[in-house]
Structures are given as structure tokens and as C-alpha cells.
Amino acid sequence: MSAGNQAREIASGCPVLKQALCVLYLFVLGVASVGAQTSSAVAQTSTETPLPPEAPAVPDTSLTPEQRQQAALQQFLTAVALAKNNLGAVYYAEGQLDSARVHIEHALEVAPGFAAANLTLGLVHHATGDTNEALAAFKKAVEDDSLSVARMGFVPSDTVYAWARSQFDKLMEGTPDLAVAHTAMAIVYNQGGYLNEAIHHYRQAIEDDSSYVDAYTNLGKVYTDTEEYQQAADTYEKVLTLSPPEDQLPRIHLNLGVSYMGMERVDDAIREWKRAVALAPDYMDAYMNLGTAYQSKNLPDSTRAVWERALEVGGQSVVPRVALGRLAATEGRLPDALGYYREILDLGARDPRIYAEIALIHERREDYGEAIAQYEQALELAPETPQLKDALSRVRRILDERAKAIESNKIRVRQIVVVTRAEADAVMERLTAGADFAELARETSIDSSRDGGGDLGFFGPGEMIPEFEAAAMGLEVGELSGVVETALGFHIIKRIE
């Protein structure tokens, strides 16, 4: 059970007055499971658009943006108060009273009515001999219970202290651990975006326990997030010398690989990710990162192989499907790309980037009607995106120009131009054998139209060299010419409209 689930389950059984004290127990003793969490690093190594989230959070539309921002801030401050108090409680348990007071007082600055913090602060005052301040703090801990406050006014102070200490001891079952408490504090700061403070507390945890694996792994993650890759690598390399639990090794190797990739040590990154999948053969994130590394080395077959493995182990995840769809589109395998994107939509993904990428594939296939439909879907989800508006306008303009050209009896062709007849004959043989005209144009043509697959667009009578025009105008749609010689070289023409 996660610490969050424990918190919900146990807190629900706590009396209202003591609920804050129940939470204290969970944060001090349950932080190891929280501290062990680090996120996947796939996006950090990718040079493409970040992959869409698998289950985007749906915002509460009943709240204004300002209200959502305020709620998030309040949630963060609550977590800070809890973690500060827990850290202070551990310092008190270990007899470091000055440090205990500092952190507990910080907690009470954020949450003045925090019962657990007032209880622990009272114990600190009692330990330093300040009985009056101790009693005042104990009364604040139970201020919603007027009967308890009244009783504290006439029972002996030692009796009040004995009660407070017994409450504290119930919460601090087990051995207090400063490394765990500092790591909990660091996690809160990390989640709030206060990375310098997070680094400070992770380092403090390591100073208190140089063998505490969770502090190292989380510190390494912060260094990776701030692109301090050398420090991240040093941290993860240190972790591996500490004999970490076997179930953490795949994640450590994955994150060490991310650090190496950030330092452009691609082969070292590949080595670590291979170690990760050797230890955890179903580790999708490691396969995804491995594919990214292979892609950076221009190894498309290896890239495809490991991403297909990621797809096998990833179940319903859209991440490998997006990567494979993009790879197929890059390689010109447009039907394969559309197949992956259809699976993504079937899984329920609704992301404007996905619809835009599908639209671009249809645009490349000159299926302009479907391209328009997909761009419109993207704009429904992101109506103020200038790039999507421009793309939709571009496709509509292409359709308009196409209609006007056809009305004017113009034709459209692709061409391949080479220098010698022997080269032209060789190209013709490949076309006859089934080679794709556009791809062959990109590979062999000497004309500037090669980048567009030899596409010359629409033209009418009198707009081309006479020999070329005569051959082109005599073709039916889809028909291939023979070799046509002009002053520019040897042409092979295919009419496409």
C-alpha cells in the first residue's frame, strides 16, 4: 500500500482532534515508499515533441484558474507544514532541540493551528525548562476541546507533560530516522518546484545516513531535472556502490542512462539501458529510452526493434505507439504510421498533437479532405494554436488552387531528371519493377523538385520546354512516360492529375 493510500485509510479512523497527529505518524514512518518513487525519463532524452500524457488530468471546470492555483498553493503549504513538523519531531526525539524548534516553528508559521506541531513544540519547551511556554503550546494542541484546555489549568504540569509525551510516543513508534525525515521534506520541496531547497534536504539526508539509497536516487532525479547531468551521474554511480535493493536496480540504471545521455555519452547510456532491460525484461521506459539512443546514432532498424518490444510490454500505453508512428512517418511508411495512430485514438487519446500529426500524414498522401477533418479536430481541442490555424489554411488553399487548375485544363506531373541516358534507363528499370516514383526522385533526380518527390505542380500549355510539355500532355493520369531528352537532361515523367 502506498503512503498516500495509508494516509487516506488511517486518517479516516482518527478522531477529529487527533487527525493531525495521525498524519504525523504516516509521514515520518511511511516516507520510504514515497522517497523511492522517481519518474520515467523518456521525455528527457527525446529530441522530438514530448509524448502526450496517457491520462491527462481533467481540470475541475467549476473552479476558476485563480481558484485552482490557490488550491494548489494551499495543498503545497499543507505538505510543507506536515513535513517541517515531522522533521522537527525527529530532531526532538534525537535530542537536537534547537533544530527541532526551528522546523516546528516554521510549520506553525504556515499552519498556526496545527495540533501535532503545537504538541511537539510544547515538548521542546518542556525539555528546555520553559514550563509556561510548554503548557501554552499543549493548550493550543487541544484548543478545540475546551474541557481538555480547562483541565490543563489545574492538573500538575508533570501530568500534562506525561500525557503529551504519551501522545508523541504513540506517533513515533519505531526508530526515528533523520535521513527519512529530510528526504520527506525534500520530496515536498521538489514537488513544489523549490529544487535548491530539495537538494539541500537530500544532501542533509545523505549526511545523516550515507547509505540511504532513496535520498541518493531522488537527488539524482533532481539533478537530472535541472540538467546537471554530471552531478546526477555521480549520484547514481554512488548508489550502485551501496548494494541497493534488487527491485530498485532497473530504475537506477535507467536514470543513470538518462544522465549519460544528457552528457552526450550515448554508448554509456545504451549500456545502462541494456542493463535495465536485462534486469527487468518488461521495462517499457528503458526500451523507449534505448530506442531514442539508437535513433540519435541513426540506427533505424535497432530503434524500431526496441520500440516494438516496448509496444509488446507496454499494454495499453500510447507512448510506444506514438514513437513508432512518428518513426514510420519519418521513413515514409505512411500506412504503417496511420495504423499506429488509429490504435492511439482507439485507446481514447484526445490530444491536439496526435490529430495534427495524423492530418500531416494525410496531407503527405494528398488526402486533403481527411487532412482538413483532422486539423479541425485538433483545433477543437486547442482552438488558439496558430500553427494549427496556419496548417488548416494551407490545406484549404491547396484544394482551392487545385480546383482552379483543373478548371483551367492544367495538368500535374512528377519528374525524375538525370544526366545520362544510361542513368535514365536504370531508373526506368527500377520504376518498372515497382519502385516508388517520389522516393526515387528524392534519391536520384538532379532537379530542385527532388525534395518534393519530383512534384512540378500544375501547369498548362506553353509553360514548359516543348519536348517535355509534349510528352507530359500526352499522358493519362497515373501513366509513366518513356525517357524524354531535353537540354536539361534525361527526364522520366509521371502524370498524377
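Is R430 buried, exposed or partly exposed? In this predicted model, R430 counts as partly exposed because its relative accessibility is 38%.

**Salt bridges**

The side chain of R430 meets that of E443 in a salt bridge, with 3.1 Å from N to O. Because R430 belongs to helix α24 (residues 421-432) and E443 to helix α25 (residues 437-444), this pair ties together parts that are 13 residues apart in sequence. E443, at 48% relative accessibility, also counts as partly exposed. In general, side chains of opposite charge can pair when their charged atoms come close, and the count for this model comes to 26 salt bridges.

| Salt bridge | N to O distance | Accessibility of one partner |
|---|---|---|
| R430 and E443 | 3.1 Å | R430, 38% |
| R309 and D282 | 3.4 Å | R309, 26% |
| D455 and R412 | 2.5 Å | D455, 25% |

R309 forms a salt bridge with D282, their closest N and O atoms being 3.4 Å apart. This pair links distant parts of the chain, since R309 is in helix α18 (residues 300-313) while D282 is in the loop between α16 (266-279) and α17 (284-296), 27 residues apart. R309 counts as partly exposed at 26% relative accessibility, whereas D282, with a relative accessible area of 57%, is exposed.

In the salt bridge between D455 and R412, the closest N and O atoms are 2.5 Å apart. D455 lies in strand β2 (residues 455-459) and R412 in strand β1 (residues 411-418), and the pair therefore ties together parts that are 43 residues apart in sequence. Here D455 counts as partly exposed at 25% relative accessibility, but R412 counts as buried at 6%.

Salt bridges also join into a network, in which R265, D268, R271, E272 and R275 are linked.

**Helix α14**

Helix α14 (residues 229-240) has twelve residues, which at 1.5 Å a residue should span 16 Å; the C-alpha atoms at its ends are 17 Å apart, in agreement with that expectation. Its buried residues are Y229, A232, A233, T235, Y236 and V239. These residues cover an arc of only 160° around the axis, and are therefore on the same side of α14.

**Aromatic pairs**

A search of the whole structure finds four aromatic pairs. One of them, formed by Y92 and F168, is edge-to-face, with 5.2 Å from centre to centre and 90° between the planes. Because Y92 lies in helix α5 (residues 65-93) and F168 in helix α10 (residues 157-171), the pair ties together parts that are 76 residues apart in sequence. Both partners are buried: Y92 has a relative accessibility of 7%, and F168 has a relative accessible area of 1%.

The rings of F459 and F468 form a tilted pair, because their centres are 6.4 Å apart and their planes stand at 50°. F459 counts as buried at 1% relative accessibility, and F468 is buried with a relative accessible area of 4%. Ring pairs also link F76, Y189 and Y194 into a cluster.

**Nonpolar cores**

The largest nonpolar core has 85 residues, of which F138 and W273 touch the most other members. Helix α5 gives the most to this core, with ten residues. Beyond its neighbours within four places in sequence, F138 is in contact with N118, L119, G122, L123, M152, V160, Y161 and A164. A second, separate core comprises 14 residues, among them Y355, A356, L379 and A382.

**The surroundings of H362**

H362 is found in helix α21 (residues 352-364). With a relative accessibility of 11%, H362 counts as buried, because that value is under 20%. Apart from residues up to four places away in sequence, H362 touches L338, D367, E370, A371 and Q374.

Conventions:
Residues numbered from 1 in each chain as written. Predicted model: local features only at pLDDT ≥ 70, side-chain atom pairs only at ≥ 80, totals over all residues. Heavy atoms only, no water. Helix = DSSP H or I, 4+ residues; strand = E, 2+ residues; numbered from the N terminus. Buried < 20%, exposed > 50% of the residue type's maximum accessible area, 1.4 Å probe, protein only. Contact = heavy atoms within 4.5 Å. Salt bridge = Lys/Arg side-chain N within 4 Å of Asp/Glu carboxyl O. Expected span 1.5 Å × (residues − 1). Arc of directions from axis to C-beta. Phe/Tyr/Trp six-rings, centres within 6.5 Å; stacked < 30°, edge-to-face > 60°. Core = buried A, V, L, I, M, F, W, Y, C linked by side-chain atoms within 4.5 Å.
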